[in-house]
Amino acid sequence: MDATGLTAQEKITLFSAWGLIRKDLDIHGRNMLLLLFHKYPHYVSYFDFTDDASAQTLVDNKSLYSQSIHVIKTFGSLIEYGLKDPALFNETLKKITRIHAERNVYGKDILTIGDVLLNYLAQVLGRQVSDALPDAFRKLFVTIAGRFPVEPTEGDDKDRERSS
């Protein structure tokens with residue numbers, strides 16, 4: 001194992017699954033975000049969809065399409081390039097965490113998103129999903145989530161207020 005936290009076999013499993021969806025990233029990215037918002041509506045507020053003021057629904061919103069393509073391509077770059085080059089994986093994760101630090105994205109959010117993406121892949125790929133994919137996918141998201149801060153608990157906020 002290297003900085004990715006994955007074995008060679010787990011990397012192959014992820015490459016294989018990614019290869020099955022990469023040709024339709026615009027559709028899969030949008031559907032993954034819509035599934036996330038359906039299961040966890042509060043995540044809609046993490047995004048800005050105001051660029052498309054003419055959209056009647058989130059499904060029709062071009063801002064959603066734009067952001068979903070960005071999200072899925074970033075995730076894909078971790079798989080396609082980062083799993084081959086652990087230094088690139090590390091640098092990509094540094095950038096992702098830096099960008100999301102001011103948005104209060106925590107490790108638990110990453111794990112939630114990972115579960116939604118895994119469920120989506122299982123639905124879309126059906127029998128093409130390797131039995132090893134869930135474990136490899138979860139390990140990848142545990143590694144990614146480990147780079148994000150832990151959400152402060154209510155007691156942490158009170159302790160900080162007292163020490164100020």
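Ground rules before the tour. The model is predicted, so I use pLDDT of at least 70 for local features and pLDDT 80 or more for side-chain atom pairs, while totals for chains, interfaces and linings use all residues. Numbering runs from 1 along each chain as its sequence is written, and side-chain values use heavy atoms, with hydrogens and water left out.

Start with the annotation. An unreviewed UniProt entry places the feature "domain: Globin" at residues 5-138. UniProt positions are in the numbering used here, feature names are shortened, and annotations may be inferred rather than shown by experiment. That span is 68% helix and 0% strand. Its end C-alpha atoms lie 11 Å apart. Helices here are DSSP runs of H or I with at least four residues, strands are runs of E with at least two, and both are numbered from the N terminus.

Now helix α2, residues 25-39. It has 15 residues. From first C-alpha to last it reaches 21 Å, close to the 21 Å expected at 1.5 Å a residue. The expected span is 1.5 Å times one less than the number of residues.

Which residues of α2 are buried? Among them are Leu 25, His 28, Arg 30, Met 32 and Phe 37, along with Leu 33, Leu 34, Leu 35 and Leu 36. Buried means under 20% relative accessible area, exposed means over 50%, and partly exposed is in between, with a 1.4 Å probe and protein chains only. The cover over these buried residues includes α1 (8-21), α3 (62-82) and α5 (107-125). Contact, throughout, means heavy atoms within 4.5 Å.

Take Leu 36 in α2. Its relative accessibility is 4%, so Leu 36 counts as buried. Leu 36 touches Pro 41, Tyr 43, Ile 113 and Val 116, not counting residues up to four places away in sequence. Ser 66 is 30 residues from Leu 36 in sequence and 16 Å away in space, C-alpha to C-alpha.

Next, helix α6, residues 133-145. α6 has 13 residues and reaches 18 Å from first C-alpha to last, close to the 18 Å expected at 1.5 Å a residue. Its buried residues are Leu 133, Ala 136, Phe 137, Leu 140, Phe 141, Thr 143, Ile 144 and Ala 145. What covers them includes α1, α3, α4 and α5.

Thr 13 is buried, at 6% relative accessibility. Leaving aside neighbours within four places in sequence, Thr 13 is in contact with Ser 130, Ala 132, Leu 133 and Ala 136.

On to the rings. How many aromatic pairs are there? The count comes to 9. Rings of Phe, Tyr and Trp (its six-membered ring) pair if their centres lie within 6.5 Å; planes under 30 degrees apart are stacked, over 60 edge-to-face, and the rest tilted. Look at Phe 75 and Phe 137. Their ring centres are 5.8 Å apart and their planes stand at 65 degrees, so this pair is edge-to-face. Phe 75 lies in α3 and Phe 137 in α6, so the pair ties together parts that are 62 residues apart in sequence. Both residues are buried. Ring pairs also link Trp 18, Phe 75, Phe 137 and Phe 141 into a cluster.

Two lysines sit over rings. The rule: NZ of Lys or CZ of Arg within 6 Å of the ring centre and within 35 degrees of the ring normal. Lys 62 lies over the face of Tyr 65, 4.8 Å from the ring centre. The charged end of Lys 84 sits over the ring of Phe 15, at 5.7 Å from its centre.

Now helix α4, residues 86-101, which holds Thr 97. Thr 97 is buried, at a relative accessible area of 16%. Its side chain reaches the backbone oxygen of Lys 94 at 3.0 Å. Beyond four places in sequence, Thr 97 is in contact with Arg 147 and Phe 148. Ala 101, also in α4, is partly exposed at 49%.

Asn 104 is partly exposed at 46%, and Arg 103 is partly exposed at 45%. What about phi of Asn 104? It is near 60 degrees, a positive value in a residue other than glycine. Most residues other than glycine have a negative phi.

Note on methods
A polar contact is a pair of N or O atoms within 3.5 Å; within protein, one must be able to donate a hydrogen and the other to accept it, and residues adjacent in sequence count only if both atoms are side-chain atoms.
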